[in-house]
Amino acid sequence: MAVGDRVEIEELDDGSCRITRVLPRERVLSRRAMARRRDQIMAANLDQLAIVVAATRPSPDLHMLDRLLAVAELNDLDPFIICNKTDLADSLPPELDIYSGLGYDVLPTSIPASVGLSALRERLGGRTTVLAGASGVGKSSLLNALFPGLDLRVGDVGERKGRGRHTTTSAQLIPIDDETFIADTPGIQHFVPTGVGVDVLGGAFPDLRPFAGDCRFGDCRHRAEPGCAVLAALEDDLVDQRRYESYLALLEEAEVAEDAARTGGNG
Ligand SMILES: Nc1nc2c(ncn2[C@@H]2O[C@H](COP(=O)(O)OP(=O)(O)O)[C@@H](O)[C@H]2O)c(=O)[nH]1
Ligand SMILES: [Mg+2]
Ligand SMILES: [Zn+2]
């Protein structure tokens, strides 16, 4: 079973309950567990991925953002970006412009200035949302501000890990109301996008996708292949170099994971 699974239960004579059936999963978040050489389902029946960055302190980790967006695309989760701590900056970081241009919603928030909080509450209502982002961007603070009573532990930026700090290691579902859940899946920012052949990783990047269809080879990985339309677009500045580098980094990780899965037979 995975966090978020829907089940049928049967009440027993002593008043306790027994799970009789796990209902089919709709959208799952899986990661490749290399040691076990198979995908591990982290959470099921998810709707959307909310990726939190801070306007500053810390400045946005764009590679992490690209990875999380790709994970969302491949797992069929609707992603959007929350830019928190807008009270600490004069404007949204310009490097986020490319994401709004790609069609991803960027929602500015600030807890002390009370910006965007009701819009965010509305966006989360009635859905199961995976909340992801670097440490210190304000994920716990946002949930506490939106849903008083949750009382999640808030840490200071730069606080050392593992010194009596609450560190969750397995996925959990935080119930907000009967229809609203927040899935906490630690480590999601390190997920290697899997569950598909690595040659479709380009499809998880909406800026590469329009060109990928024109490559000479159907299984082009857009690295050095002859007739690669993505490389041609890069040459013509039609694709952002940094986004392409994020793609390449993920491609390499996915290839390593795939090789490990293929060569390991006794795990
Ligand atoms: N100025 C400012 N600080 C914030 C905001 N949101 C969170 N913080 C601070 O950022 C730090 C990290 O917050 P936390 O919720 O623990 O981040 P998490 O690691 O993503 O859960 C704490 O010191 C918060 O008080 C905000 O909107 N503005
Ligand atoms: Mg936290
Ligand atoms: Zn190509």
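A polar contact is a pair of N or O atoms within 3.5 Å; within protein, one atom must be able to donate a hydrogen and the other to accept it, and residues adjacent in sequence count only if both atoms are side-chain atoms. Keep that in mind for the first stop.

Before you click, some housekeeping. This is a predicted model, where local features need pLDDT of at least 70, side-chain atom pairs count only at pLDDT 80 or more, and totals for chains, interfaces and linings use all residues. Residues are numbered from 1 along each chain as its sequence is written, chains are lettered from A and ligands numbered from 1 in the order in which they are written, and side-chain values use heavy atoms, with hydrogens and water left out.

**Stop 1: ligand 1**

Select ligand 1 and show what surrounds it. There are 19 residues around ligand 1, and the closest are Asp87, Gly136, Lys139, Ser141 and Gly155. To count as near, a residue needs a heavy atom within 4 Å of the molecule or strand in question.

Now look for the polar contacts. Zoom in on Gly136: one of its polar backbone atoms is 2.7 Å from an oxygen atom of ligand 1. Move to Ile111, where a backbone N or O atom lies 2.9 Å from a ligand 1 oxygen. Then pick Lys85, which has a polar side-chain atom 3.0 Å from an oxygen atom of ligand 1. On its own, ligand 1 has 590 Å² of accessible area, and the protein covers 84% of that. Those areas come from the Shrake-Rupley method with a 1.4 Å probe; for residues, only the protein chains shown count as cover.

Which helix gives the most to the shell around ligand 1? Color helix H4 (residues 139-146) to see: it contributes three residues. Helices (H or I, at least four residues) and strands (E, at least two) are DSSP runs, numbered from the N terminus.

**Stop 2**

Buried means under 20% relative accessible area, exposed over 50%, and partly exposed in between (1.4 Å probe, protein chains only).

**Stop 3: salt bridges**

Side chains of opposite charge can pair when their charged atoms come close. The whole structure has 12 salt bridges, each a side-chain nitrogen of Lys or Arg within 4 Å of a carboxyl oxygen of Asp or Glu.

Select Asp66 and Arg242, whose closest N and O atoms are 3.1 Å apart in a salt bridge. This pair links distant parts of the chain: Asp66 sits in helix H1 and Arg242 in helix H7 (residues 241-263), 176 residues apart. Is Asp66 buried or exposed? Asp66 is buried, at 0%, while Arg242 is partly exposed at 27%.

Next, pick Glu253 and Arg67, which meet in a salt bridge at 2.8 Å, N to O. Here again distant parts are linked, with Glu253 in H7 and Arg67 in H1, 186 residues apart.

Then try Arg123 and Asp78, a salt bridge with 3.7 Å between the closest N and O atoms. Arg123 belongs to helix H3 and Asp78 to strand S6, 45 residues apart. To finish this stop, highlight Asp66, Asp207, Arg242 and Arg243, which are joined into one network by salt bridges that share partners.

**Stop 4**

Select Arg57 and Pro58: a cis peptide bond joins them, with omega about 0°. Pro58 lies in the loop between strand S5 (48-54) and helix H1 (62-74).

Slide along to Asp76, in the loop between H1 and strand S6 (78-84). Asp76 is not a glycine, yet its phi is positive, about 65°. Asp76 is also exposed, at 59%.

Last, visit Ser114, in the loop between strand S7 (106-108) and helix H3 (117-124). Ser114 has a positive phi of about 55° without being a glycine, and it is exposed at 55%.
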